[in-house]
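My entries follow in the order in which I looked.

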Amino acid sequence: MTAEIPTVDPEAAPGPDMRAEQGRNALTGSRGGKPRRGGGGRGEQAMVPEAEFTSYYGRQIVKPSPWEADIPAYFFAGGLAAGSSLLAAGADMTGLPALRRTARLGAVAGLSFSMVALVHDLGRPSRFINMMRVAKLTSPMSVGTWILTGYSPFALLAGGAEVAGMLPFGKGSRVVRLLSLVGRPAGVLAAVGAPPVAAYTAVLLADTATPSWHTAYRELPFVFVSSALAASSGLGMVGTPVSQAGPARRLALGAAAVELAMERQMERSMGMTAEPLHTGKAGRLMRAASALTLGGAVGSLLAGRSRFMAVLSGAALMAGSVCTRFGIFEAGQQSARDPKYTVVPQRERLQQGQPVRYHG
Amino acid sequence: MAEAHPVGFQWVMEAKARGAKVIHVDPRFTRTSAVADTFVPLRVGSDIVFLGAIINYVLQNELDFREYVVAYTNAATIVSEDFRDTEDLGGLFSGFDPESRTYDPVSWQYDGQEQEGGERQDHEQQRDTASALQHETHGMSIDSDIRRDETLQDPNCVYQVLKRHYARYTPEMVEEACGVSREAFQEVCDAWVSNSGRERTTALIYSVGWTQHSVGVQYIRAGAILQLLLGNMGRPGGGIMALRGHASIQGSTDIPTLFNILPGYIPMPNALDHGSLREWIDSVRHPGAKGFWDNAGAYGINLLKAYWGDAATAENDFCFDYLPKITGDHGTYRTVLDMIDGKVKGYFLLGQNPAVGSAHGRAQRLGMANLDWLVVRDLFEIESATFWKNSPEIETGEIVPEECRTEVFLIPAASHVEKEGTFTQTQRMLQWREKAVEPPGDCRSELWFFYHLGRLIRERLADSSDDRDRPVLDLSWDYLPEGEHDEPSAEIVLKEVNGYEIATGRPLSSFLEMKDDGSTLGGCWIYTGVFKDGVNQAARRKSRHEQSWVAPEWGWAWPANRRTLYNRASADPDGKPWSERKAYVWWDEEAGEWTGHDVPDFEKNKPPSYRAPEGSSGIAAIEGNDPFIMQGDGKGALYVPQGLIDGPMPTHYEPVESPFRNPLYRQQSNPTRMEYVRSDNRINPSPPEDNSEVFPYVFTTSRLTEHHTAGGMSRYLQYLSELQPEMFIEVSPELAAERGLEHMGWCHVVTSRTAVEGKVMVTERLSPLRVEGRVVHQVWLPYHWGSGGMVTGDSANDLFGISLDPNVLIQESKVGTCDVRPGRRPSGQALLDYVAGYQSRAGVDDDHYVSIVTPAKAGEKSGAAPTDEESSP
Amino acid sequence: MIAKNSFFGPSDPAPDTGYKDPPPRKGFFTDTSICIGCKACEVACKEWNEVPDDGFNLLGMSYDNTGSLNADTWRHVAFIEQRKPLGHQQPGLRQPAVDLGMPAMGSTNGEPAASTAVATEETPDFRWLMSSDVCKHCTHAACLDVCPTGSLFRTEFGTVVVQPDICNGCGYCVPACPYGVIERRKGDAGTKNVGIAQKCTLCYDRLDAGQRPACAQACPTESIQFGDVDELRERAQARVDTLHEAGIMDARLYGNDPNDGVGGTGAFFLLLDEPEVYGLPPDPVVTTRDLPQMFNHAATAAAAMLVGAALSFLGRRR
């Protein structure tokens, strides 16, 4: 077979238009004798697998993203890097070298991991560079790419300066002197560029048709930034002597509090699409996230001055952040696989006579 | 139609667009039903009750197109008073011989014709040689001056005979036998009748599944009777058309791939009766009979000249002796059984896949496994070329690859876009195809294959002095191979088929130019004119926007480019159109000739008023108001005195395998059917035989849009295979519950031949019917799968046995009885035992076979139907 | 740059994208009321566009064995068996009533639902719906909006097409599509365009050559009609009115309203039941409609992050 079905020239075959004219007017069941008693109500029920909504053989309507662990892992790592850059700058300003060191190195580590994850996730990794072809405001991924591009060099420079300062040799060398000079300005610029890195990923998820991501678009950025701060301050607590970890502890407390609060607020505004956050894998992850974040916060509040407890609490906060990212990611995937979360909210809009329509 | 002929179905949708109402009668709700206005499910195999009841409805209420019927059909003709109807003889016509299970049709003849017509009839031989129907195509041998009563009141006139025959085919009987409600039946009657007459015509279009019954020919006959009664033959928008499963099936009967006829429906000579050219010719032209077959001599001789050219002379009967003669049944099923019995050495398969597509697949495969050699030409390596290594019989040990003696030659064939030539479609229209692309690799056209095969054989025999080689050596075999592959010219072949004047080479423009003196030759008289004026008329492509609505300049239709056969009937006896709306061909008084939109299918200058002079015969005997010019009496045959083995009028017989007793007659099923009674062809018992309940369900098979017949052109293509990737079996929710079948679980269907498995498709599209007071479940299977291709599965056709229509030897492969069970079928030896178990429970094992002629029960008065139905509505 | 209504509301996509006097917007009107489910569109599409097969799986969803639109199926014919009337059609099934106490009509997945309803009804309604689905070529196409590489682009015909040589398989378009049409092709390294977003191109190459898309060319009943969107919308409205007059009140248009959530679609449909019955979202909205707010919220959050971090360094040093 080829796509060119007609074996005769279209002139001689009935012209497409004429056929269209004909075919269009065919009226199956327009006549046929006895008037029918109406009512397809039974049909509706017959159609319905679980009584409250209709679907095509229970199949998904929107498609779940093809993304795998790379993406939530990147959310965590990117957030960790961003938060760390902020901590580092603060520590640098306020003369807390140990905290600064941990944070700057954490930022570099998180950033490097992010890059690997982002490339690895692509269908054609070799074409990562095509991300740089355009700058598209309508594409959070494009915006994010440029945000990262702006942030990364400074975070890396600051990290480089930190490493240079740690070197046992070559104190006199030009490079090292240069690095130590640019360390602070780079760190500051990295700190300025950091918050967008932590925040845009929420838009990345929300700007989809995935029910449980899109409906979360108001609160998700707050959940993500606070999760990022919780993770990075957690790292600070782990990697810094308690004597210098004060700001990290305070930040951890605040971030954890905000995260937990905003997450609750988010679920309230999501309506039925919040369900997946409580079911299956996503549910388990979200429960773990709350527990760890809460535990980490309480730990740092009560026993933050115990080195051991500080490490434990910090680790809990980081783990909590990991679970939050994976949990929200997984919830979205689940919400896409079940047609219920696509159909029911839209059907309700229609039944309330409020379909989405443009009104000038 | 939407299922098997979606492209053609676009015209049905257009008809709907113009206000047509579509009624779909089918055992199951198909893609056609989905867009039909009314769907009428009926029991498979009950069609003659359904159509007969419409005939009865028309006759009882005198709704026939009386003027047409009286003038153009044999309604007024008086039938011999010796004739006895099935009503009187319990489902048999007069003249039945229980021994041979055939009729002596003497009593069927027209009054006064008994001997004339009767003596030429030997039904037993005709059944074997499938030669009965030559009377359908060649006209009955009726001498002139037969008695008629145009008031239609004579109790023995065809009209009255017909009326009596169908008197008990009532709406109640339809409800009883077909499971069709009276309302639905009435709706069909009203639609058909109200759309026929002077102002309107109805076309009857069937697909060839209709022919695959033990009474297949009579199905079509029943349709023909209705179309004649309602005046729908020979008129625009009327007629009967068959939708074929392939592009040129019409062409392959015009220039046949059949054992019983030669090109142009000239009967194959048989060794017993046709010792000489003259005997053969006369058996076709019926000296003294009306009609165009009077020229049969010229047609036959031109064919012989086309075969043997210069070697064919008047002195040697134009090489008539070279023609092979048939001696009996050489039909495809007889041949397959002979293969099993080791009587056949070699076999050619061209674009055919009997291992999957033919009834009783097991017999087909066992037969092919017992040859010396087998040539398979196809697009892919189909099951018929691989049966020796992957057929179900390998599992059962009936075929052992190491021991299978058949040497298979698989030869790649060119597809329809890779070769030039003509297609002849259902309207008898030839359309020329250009070659679009070169065939890949070693693929070649059929023309190439046979030309070079012939050439090689002739080279081998070149210096043979053996007489039996003369027919091959004397063939005129020059088709100018050209191009890098030495491809013969299809146009030269078409030119020879058209025929030409030997001396000048001038192509003949009409078969009337054919001479019986050897000065002209032509390969198929009905195709004469396709190369008129040396122009390939079949290649014409004039837009319909640039010519009349009949579009005579698009392709070419035989005979003589007539688009509607017998179109003289589109005008009334006086030659005037029946109505302005349906004007088609009419008599132009001034010009003194027939004219109209189409080529008149009548002698151009023979006025309507023409009456045959005393004692005239042949074309001269055709009168000015005899439209059916190929018929012996020039009339459309409501009643057929000659040419049908199983009776002059369609009569309801139950399918060979049926869970029901014939509600109309004592005789259960077609008594004259061809059946091969042997242990490898077991038939399920039907009432009144015992044990029919062992196979309680009715099954039927058909095609899916997504696949093509035996799958040779679809299962080997990814884009079609993925659309229907696996064998499945459709059952109603009710049957599923009754047998514990699970949607998409496995189930298998069992007959006394074998068991076939597939996934269960539970669907409301299949609906139980209430027949004869009880519920009947019908099972539906697609028959596309086999062991080869991208998607494999069991072949539904393996379920069928071999029992054939007596007239044309076509198998009953659209209806049978079966059992349905959950789970997969057994395999290997276990399968054979499993089936054997069913056979013995059904009592059809050892030397027990079902009886074909239903014995009269003691005390049963012949003629009384087993049901309490009384005649008359 | 961001023109008026570039996220929501009526718009003529090609000019609004910046084409200077482009040809009229092209699209499909798929009239499912005359679809006979022959799937010629699926096959013609795959032949022309060299789309790989979608796997050989019997799905048991009536006669649908390709399941849904995806990377390897750009035209998809849905089959729905229903206990519903189709206008005045006489479905004829289950008459005369067969009182077997047997299961009634199955749900769409064909399994008989446990009930004996059929036993009591004389002629239950039944209809078999068929519908050929395809990419909607939205006026506001989320897939195109979110594509970070510019691989997805708006053609001069107003259609949305993937450039396989540019797409890097980021997969963002997949969850962005409110209809679940576009997908990243899976398969082994050899497969054509593996790892790249795939969907209907409305036969961009054929349009350039002045041809109809393969599916429309192959459709025997003109259920798939190709043409100028404006003209098709009028045609569709006329058709739906005719059906309503004929008493087929189920007929409704889907995707033809320029004010709907995606600004109307280039490929729209005449359906005989609710969209979700065919696997279509009942009231789809392009996700980017909310993008401005999303960025606002994100910006606020980012600011809050900065402030929060700063605050933590106030007060006691240790």
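**Notebook: loops, helix pairs, interface**

I began with B:Pro559, which I found in the loop between strand 16 (556-557) and strand 17 (585-588) of chain B; strands here are DSSP runs of E of at least two residues and helices are runs of H or I of at least four, both numbered from the N terminus. The peptide bond from B:Trp558 to B:Pro559 is cis, with omega near -10°.

Before going on I noted that this is a predicted model, in which local features need pLDDT of at least 70 and side-chain atom pairs count only at pLDDT 80 or more, while totals for chains, interfaces and linings use all residues. Residues are numbered from 1 along each chain as its sequence is written, chains are lettered from A and ligands numbered from 1 in the order in which they are written, and side-chain values use heavy atoms, with hydrogens and water left out.

I then looked up B:Pro688, in the loop between strand 19 (674-675) and strand 20 (697-702) of chain B, and found a cis peptide bond joining B:Pro687 to it, with omega about 0°. In the loop between strand 15 (520-521) and strand 16 of chain B I noted B:Ala551, a residue other than glycine whose phi is positive, near 50°.

Next I turned to helix 8 (residues 220-239) and helix 11 (residues 307-337) of chain A, whose axes come within 7 Å and cross at roughly 150° (axes are lines fitted to C-alpha atoms over the stretch in contact, and angles run from 0 to 180 degrees between N-to-C directions). That angle makes helix 8 of chain A roughly antiparallel to helix 11 of chain A, the term being used for angles over 145 degrees. The residues of this contact (heavy atoms within 4.5 Å) divide into 15 nonpolar, 7 polar and 2 charged, with Gly counted as polar.

Last, I checked chain A against chain C, where 103 residues of chain A are in contact with 136 residues of chain C. I counted 5 salt bridges between chain A and chain C (a side-chain nitrogen of Lys or Arg within 4 Å of a carboxyl oxygen of Asp or Glu). C:Asp257 forms a salt bridge with A:Arg357, with the closest N and O atoms 3.3 Å apart.

Key: Angles under 35 degrees count as roughly parallel, over 145 as roughly antiparallel, 65 to 115 as roughly perpendicular and the rest as oblique.
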